[in-house]
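Q: Please take a close look at the sheet in this predicted model, and then relate it to the surroundings of the ligand.

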Amino acid sequence: MAPFIAGVLNNPQHGITGALICRQDIYLQLLEGPADAIGKLYEGILADNRHMDVTLLNRAEVDDRMFPDWAMLHDPAHSWHWSPDEVNAGAIGNASVQELQNVFRQAGTGATTK
Ligand SMILES: Cc1cc2nc3c(=O)[nH]c(=O)nc-3n(C[C@H](O)[C@H](O)[C@H](O)COP(=O)(O)O)c2cc1C
């Protein structure tokens, strides 16, 4: 876990914010920041052998950040509505961008501490 925490602590210096939702062995992560910094971090995540089956669900230019105050909000998956069976059947890969955004929006509203 130590390298991950170190990585997250590096997020502010690269202008990166976001949220990480964990459930069972699946992580759903939203990263926001300058495109080049995000690109480098994503390469690091792809190269990190603690991840398997990393999938880019969406990449988009946005006007406003969803998590401007969070180096990385951590949510132990209170905020998604898929059952384990649905996840196994591919619910996350099949979700629309809007559904995914709603999951993160929900994570933001449930968060009470930084
Ligand atoms: C679930 C998960 C989420 C991660 N999120 C971040 C992150 O937000 N920022 C970060 O710098 N590293 C994060 N990491 C660590 C990266 O995979 C990688 O180890 C780190 O960026 C170090 O990259 P480097 O070798 O280029 O320094 C995460 C790792 C895991 C397992």
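**The sheet and the ligand shell**

A: In this predicted model, Ala19 stands opposite Leu30 in β2. The strands concerned are β1, residues 17-23, and β2, which are joined by 7 bridges and run antiparallel. Strands of a sheet pair through backbone hydrogen bonds, in either a parallel or an antiparallel manner. The sheet as a whole is open and has 3 strands in the order β2-β1-β3, with mixed pairing. Its edge strands are β2 and β3 (73-75), each of which pairs on one side only. On average, and with direction ignored, neighbouring strands of this sheet are turned by 10° against each other.

The ligand is the next point to consider. There are 16 residues around the ligand, and among these Gly7, Tyr27, Gly44, Ile45 and Asp48 come nearest. Two or more residues of the shell are given by each of the elements α1 (2-10), β2 (26-32) and α2 (35-47). The edge strand β2 is thus also one of the elements that contribute to the shell. The most is given by α1, with 5 residues. Sorted by class, the shell comprises 8 nonpolar, 6 polar and 2 charged residues.

Glu43 counts as exposed because 10 other C-beta atoms lie within 10 Å, the limit for an exposed residue being 12 or fewer. Between the C-alpha atoms of Glu43 and Val8 the separation is 15 Å, the two residues being 35 residues apart along the chain.

Notes:
Residues are numbered from 1 along each chain as its sequence is written. This is a predicted model: local features need pLDDT of at least 70, side-chain atom pairs count only at pLDDT 80 or more; totals for chains, interfaces and linings use all residues. A residue is near a molecule or strand if its C-beta atom, placed from the backbone, lies within 6 Å of it. Helices (H or I, at least four residues) and strands (E, at least two) are DSSP runs, numbered from the N terminus. Ala, Val, Leu, Ile, Met, Phe, Trp, Tyr, Cys and Pro count as nonpolar, Asp, Glu, Lys and Arg as charged, and the others, Gly among them, as polar. Two strands pair if DSSP finds at least two bridges between them. Axes are lines fitted to C-alpha atoms, for helices over the stretch in contact, and angles run from 0 to 180 degrees between N-to-C directions. A residue is buried if 20 or more other C-beta atoms lie within 10 Å of its own, exposed if 12 or fewer, and partly exposed in between; C-beta atoms are placed from the backbone.
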